[in-house]
Amino acid sequence: MNEIFDDSTLTEIAHLICGDETPLLYRKGYEIAAFFQRAGWDDVPEYDGTPRHKWTLDLLRERQEDGTDDARRAVLRLANRLEYYNQQQEYQAMLKRLNEILVLDGRRVGEDGGQPVLVRCEAGFEDEVRQLRQVELKVSVTEVVSDPELAATVQLRLDEARICYHHGAYTSAVIMLGSLLEGVLAHAAQTRAAGVRMPKPMRNMGLKDFLDFAYDNEWIEHDAKLASELIRQCRNLVHPLAEKQNGHSPNRDTLDMCWPVVNATLNDLAATAATPPAPPSPRASADQARGRNPNTAAQRPTPASVARRRPGGGTTAGT
């Protein structure tokens, strides 16, 4: 099915193709014709000297009226990095403006395998549509998960969640996020909790248990624990009956709230993993070897304790 754009959208797209405003990439008339050819258009006419914006808009309107998918091809070529060799500033400015235009028409530019794609979204103003990750992921998965095979699995789920997000599969995306969050927290409990009593056998623990355990052991901060409750609730929508009872399906807003929580939790886990426990002092180690309690040995003697160590165990007057 061909993409049909509102005429006001086509008008703004034509401005972006022409690039009349800085820092957009400026294209001369013949360069616009070449642009349409690179977009996969057939039978592109030569530029005839008409004002560039009018010529570009007329072509976009004509192709859409003819029932071709050329307008979509032009948009995707406009969002293709190959059009902006060594011109990153121009590309970023164009993409921001393009999404501001498209979101009013219920679309936005996403990526699939590094290539631009058009995805449906809730129509609105761009400043109403929150960006994907308000909290930046500052670490790699391998800094959080020491098992290489598990790290690869977690990274794959993170990538798949991102693909689902870009294609509007928000329920699938939030389920992926909840799954990888539980996986990394379970790994932390398994690898860090030596000598720490678990609240229950790991096989019986769920995401809430792992979140509580991680917070109690100061592996994650309080904000990450509280905010992760949203992910836990949404992850339970893997069961269709739960979604029916809840009466709400995850949307883009849901993901825009959940994703920063995952990033914050991974950042916290990496930060706490990098801080090894303080080694015991030599004296404490020696006391433990003799079977003494190092805390008791460190206490100052009191008059009563000295008296108890005297022969007979009694106390003297005046003490």
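Reply: Start with T56. Beyond its neighbours within four places in sequence, T56 is in contact (heavy atoms within 4.5 Å) with A14, I17, C18, I32 and F36. This is a predicted model, where local features need pLDDT of at least 70, side-chain atom pairs count only at pLDDT 80 or more, and totals for chains, interfaces and linings use all residues. Residues are numbered from 1 along each chain as its sequence is written, and side-chain values use heavy atoms, with hydrogens and water left out.

Me: Is T56 buried or exposed?
Reply: T56 has its place in helix α3, residues 52-65. Helices (H or I, at least four residues) and strands (E, at least two) are DSSP runs, numbered from the N terminus. Buried means under 20% relative accessible area, exposed over 50%, and partly exposed in between, with a 1.4 Å probe and protein chains only. T56 is at 0% relative accessibility, so T56 counts as buried.

Me: How many helices and strands are in the chain?
Reply: The chain has 319 residues, and 40% of them count as buried. Among contacts between residues at least 6 apart in sequence, 60% join residues at least 24 apart. The count of elements is 14 helices and two strands.

Me: What share of the accessible surface belongs to carbon and sulfur atoms?
Reply: Accessible areas come from the Shrake-Rupley method with a 1.4 Å probe; for residues, only the protein chains shown count as cover. The accessible surface of the chain comes to about 18,400 Å². Carbon and sulfur atoms hold 50%.

Me: What does L185 touch, not counting residues up to four places away in sequence?
Reply: L185 is among the residues with the most contacts inside the largest core. Its partners are L207, F210, L211, A214, T265 and L269.

Me: How many residues are in the other core, the one with F5 and L102?
Reply: That core lies apart from the largest one. A71 and A74 are also among its members. Its size is 35 residues.

Me: Where is the kink in α9 centred?
Reply: The 14 residues of α9 should span 20 Å at 1.5 Å a residue, and the end C-alpha atoms are 20 Å apart, which agrees. The expected span is 1.5 Å times one less than the number of residues. A bend at a residue is the angle between axes fitted to the seven residues ending there and the seven starting there. The kink is about 25°, centred on S228.

Me: Which helices do the buried residues of α9 pack against?
Reply: The buried residues of α9 are A224, S228, I231, R232, C234 and R235. L230 is also found in α9, but L230 is partly exposed, with a relative accessible area of 30%. The buried residues pack against α7, α8 and α11.

Me: How many salt bridges does the structure hold?
Reply: A salt bridge is a side-chain nitrogen of Lys or Arg within 4 Å of a carboxyl oxygen of Asp or Glu. One network of them links E12, K96, R97 and E100. The structure holds 18.

Me: Which residue does R162 meet in a salt bridge?
Reply: R162 counts as partly exposed at 21% relative accessibility. The N to O distance is 3.5 Å, and the partner is D159.

Me: What is the N to O distance between K208 and D212?
Reply: Both lie in helix α8 (residues 207-216), four residues apart, about one turn of the helix. K208 is partly exposed, with a relative accessible area of 41%. The side chains of K208 and D212 meet in a salt bridge at 3.0 Å.

Terms used:
A nonpolar core is a set of buried Ala, Val, Leu, Ile, Met, Phe, Trp, Tyr and Cys residues joined through side-chain atoms within 4.5 Å.
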